[in-house]
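Here are some notes for a colleague who is opening this structure for the first time. Please keep the sequence and the model side by side while reading the points below.

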Amino acid sequence: MKHVVVQSISSIVLYILTALSFGSLTTGIYQTVNHYHRDEAFIFQMNALPWIALILFGISWSIYSYKTRPNKNLSFWKWSVQMTEFSEVDEREQIITAKATKAAYVSFSISVPILMGSFMFYPLFEDALPTYPIYALASTLIIATFVYMVTWIRAYTR
């Protein structure tokens, strides 16, 4: 159970850092395009801190995940293309994973149409929050991962 919780929380942190990184890039592009004038120098500014945090977290998470993987027989390349949350040890964990995956799918199926509806109003607040689509997409991934983790914990402790 500990493995699933650590991997799920790490995935959520990774989604947040990725959204912040792409958000800083989008903000930099948006500001450059909207404030560029022909008689001024072309200047692109972006906050590099989210990118540095993303790279450092990605490297440390990969090393930790590889060292604590349940199946020690897999090479790094075979392990890196698998979802580490789906490394069940026995039949009970396979059933729990199936339930948690179904719950995550249902939450995804609910959150995506709601966020799609919010995109109808995006042109009204596009200038105030140009990075909204990035955060909306990240929130769907975060919600589904969180539901997966909570469902897995509840089913495991029963």
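1. The accessible surface of the chain comes to about 10500 Å², and 69% of this surface belongs to carbon and sulfur atoms; such areas come from the Shrake-Rupley method with a 1.4 Å probe, and for residues only the protein chains shown count as cover. Buried residues make up 28% of the 158 residues in the chain, where buried means under 20% relative accessible area, exposed over 50%, and partly exposed in between (1.4 Å probe, protein chains only).

2. A word on the basis of these values: this is a predicted model, in which local features need pLDDT of at least 70 and side-chain atom pairs count only at pLDDT 80 or more, while totals for chains, interfaces and linings use all residues. Residues are numbered from 1 along each chain as its sequence is written, and side-chain values use heavy atoms, with hydrogens and water left out.

3. The chain holds six helices and zero strands, helices (H or I, at least four residues) and strands (E, at least two) being DSSP runs numbered from the N terminus. Among contacts between residues at least 6 apart in sequence, 73% join residues at least 24 apart, contact meaning heavy atoms within 4.5 Å.

4. The largest nonpolar core consists of eight residues, namely Val4, Ile96, Ala100, Ala104, Ala144, Tyr148, Trp152 and Ala155. Helices α4 (91–118) and α6 (132–156) each supply at least two residues of this core, and the largest share, four residues, comes from α6. The term stands for a set of buried Ala, Val, Leu, Ile, Met, Phe, Trp, Tyr and Cys residues joined through side-chain atoms within 4.5 Å. Not counting residues up to four places away in sequence, Ala144 touches Ala104, Ser107 and Phe108.

5. Which residues of α2 are buried? They are Pro50, Leu54, Gly58, Trp61 and Ser65, and because they cover an arc of only 80° around the axis, they lie on the same side of α2; the arc is that of the directions from the helix axis to the C-beta atoms. On the other side of α2, Leu49, Leu56 and Lys67 are exposed.

6. Gly28, which lies in helix α1 (residues 2–35), counts as buried because its relative accessibility is 2%. Leaving aside neighbours within four places in sequence, Gly28 is in contact with Phe44 and Gln45. Gly28 and Asn47 are 19 residues apart in sequence, and their C-alpha atoms are 7.9 Å apart in space.
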